[in-house]
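Hi everyone, and thanks for making time this morning. I'd like to walk you through one structure, so let me put it up on the screen.

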Amino acid sequence: MFDTIKKPLRGPVRRAKRGWLMYSEFLRDYRRYRDSAAPVDDAVTPVVSGVNLEAQLTKDYHRVEKGLSLRRPKQPFGAAVEHRLSMLIPVAGAQQADAAYLRFAEDAKGALLTWNDGGAVDDDVSPPAIPAPLFGAVELDRFFATRHSVRDFDETRPVEPATIEEAVRLATYTPSVCNRQAGRVHAFSGAEDAARILAHQNGNAGFRDQVRSVLVVTVERGLFAGAAERNQRWIDGGLFAMTLVWALHGLGVSSCMLNWSMTNDRTDALRQAAGIPDSEDVICLIAIGYPPEAGFRVARSPRRPVSQVLTTHE
């Protein structure tokens with residue numbers, strides 16, 4: 001009798017437990033974002049501070065830059081932007097007078113007033129540009145086609161700190177929503193430290209002992225605002241991580257991107273082990289290094305045909 005009762009309940013109970021786990025994870029995600037996110041434009045007041053203040057001023061100074069980069073900017077434009085800049089620039093000056101974003105905001109406010117008053121575009125805020133030279137088709141294909149996820153590293157050749165720094169510098173050119181540049185990188189070098197961080201991720205056990213450098217890519221959650229941007233940090237973080245990997249490839253450094261599809265508890269454990277602030281969300285880990293000069297193997301990873309990826313709408 002008891003067996004006949006238990007068996008029908010087993011599936012629903014299991015589904016209920018899975019459902020509760022998903023709900024609790026989403027709830028923790030919601031609370032973290034709610035407590036960190038910047039206010040939306042029409043809710044901004046002079047009490048905004050810290051990274052939320054940086055987010056708002058960056059959004060607004062970039063709105064001026066974008067507006068003045070149009071072929072035919074409106075004149076006048078940006079009344080609400082000018083109001084917020086006027087309100088928040090003194091606040092930022094009192095909180096962090098040497099912040100770069102404050103100087104950019106001041107420049108943008110001046111450029112907006114100049115445009116609206118006399119119709120002159122500030123060349124510093126919206127500089128003139130010329131088309132970039134194109135790479136040849138062969139060189140471009142070779143660059144993209146020769147980048148592989150490498151799982152076989154030369155333990156005797158660590159990646160130099162200067163090379164990591166240069167790759168991160170190049171990655172700062174990644175496009176981001178309203179130029180907020182939320183991507184962050186935590187770098188760990190040496191066999192012991194690399195293994196300690198990689199132990200928190202479950203896709204590297206087969207080559208962990210060969211890795212001498214690992215990067216943890218994160219995003220600053222407080223640079224995003226309101227419900228509409230709740231997912232934007234994952235988009236910006238993914239773009240940043242990929243640009244970083246392309247930069248490493250261009251510098252001759254091999255890499256393997258390691259996904260971070262983990263629960264909040266696992267993420268908190270990584271934050272503690274890696275010294276990552278609670279305000280940063282983890283995007284992925286990247287194992288980096290140089291492959292053995294004698295040669296190595298990579299996964300075939302066949303590509304989808306373009307016909308499955310591209311849909312042309314006419």
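Let's begin on the surface, where Phe-135, Leu-140 and Phe-144 come together as a nonpolar patch with about 340 Å² of accessible area between them. Phe-144 sits in helix H5, residues 137–145, and at a relative accessible area of 44% this phenylalanine counts as partly exposed. Please keep in mind throughout that this is a predicted model.

Now let me step back to the whole protein. There are 10 helices and four strands. Reading from the N terminus, the order is α-α-α-α-α-α-β-α-β-α-β-α-β-α. The C-alpha trace spans about 80 × 60 × 50 Å along its principal axes. Of the 314 residues, 39% are buried. The protein exposes about 18,800 Å², and 56% of that comes from carbon and sulfur atoms.

Next, have a look at helix H7, residues 191–198. Which of its residues are buried? They are Ala-194, Ile-197 and Leu-198. These three lie on the same side of H7, because they cover an arc of only 95° around the axis. And what covers them? The cover includes strands E1 (183–189), E2 (213–220), E3 (254–259) and E4 (280–289), along with helix H9 (264–274).

H7 also carries a charged pair. Arg-196 forms a salt bridge with Asp-193, with the closest N and O atoms 3.1 Å apart. Both residues are in H7, three residues apart, which is about one turn of the helix.

Side chains of opposite charge can pair when their charged atoms come close. A search of the whole structure turns up 18 salt bridges here.

One of them joins Arg-84 and Asp-60, at 2.8 Å from N to O. This pair links distant parts of the chain: Arg-84 belongs to helix H3 (residues 79–95) and Asp-60 to helix H2 (residues 50–68), 24 residues apart. Both Arg-84 and Asp-60 are buried.

Another salt bridge is between Arg-34 and Asp-35, where the closest N and O atoms are 2.9 Å apart. Here Arg-34 is partly exposed, with a relative accessible area of 46%, while Asp-35 is exposed, at 57%.

There is also a network of salt bridges. Its members are Arg-28, Arg-32, Arg-221, Arg-233, Asp-265, Asp-268, Arg-271, Asp-278 and Asp-281.

Let me finish with a neighbour of one of those network members. Which side chain does the side chain of Ser-36 contact through polar atoms? That partner is Arg-221, at 2.8 Å, and Arg-221 is one of the residues in the salt-bridge network. Ser-36 itself is in helix H1, residues 2–36. This serine counts as buried because its relative accessible area is 16%, and the cut-off for buried is under 20%. Leaving out residues up to four places away in sequence, Ser-36 touches Asn-52, Arg-221 and Gly-222.

Conventions. Residues are numbered from 1 along each chain as its sequence is written. This is a predicted model: local features need pLDDT of at least 70, side-chain atom pairs count only at pLDDT 80 or more; totals for chains, interfaces and linings use all residues. Side-chain values use heavy atoms; hydrogens and water are left out. Helices (H or I, at least four residues) and strands (E, at least two) are DSSP runs, numbered from the N terminus. Buried means under 20% relative accessible area, exposed over 50%, partly exposed in between (1.4 Å probe, protein chains only). A polar contact is a pair of N or O atoms within 3.5 Å; within protein, one must be able to donate a hydrogen and the other to accept it, and residues adjacent in sequence count only if both atoms are side-chain atoms. Contact means heavy atoms within 4.5 Å. Patches are made of residues with over 30% relative accessible area and no salt bridge: like charges are joined within 9 Å, nonpolar side chains (Val, Leu, Ile, Met, Phe, Trp, Tyr) within 5 Å. Accessible areas come from the Shrake-Rupley method with a 1.4 Å probe; for residues, only the protein chains shown count as cover. A salt bridge is a side-chain nitrogen of Lys or Arg within 4 Å of a carboxyl oxygen of Asp or Glu. The arc is that of the directions from the helix axis to the C-beta atoms.
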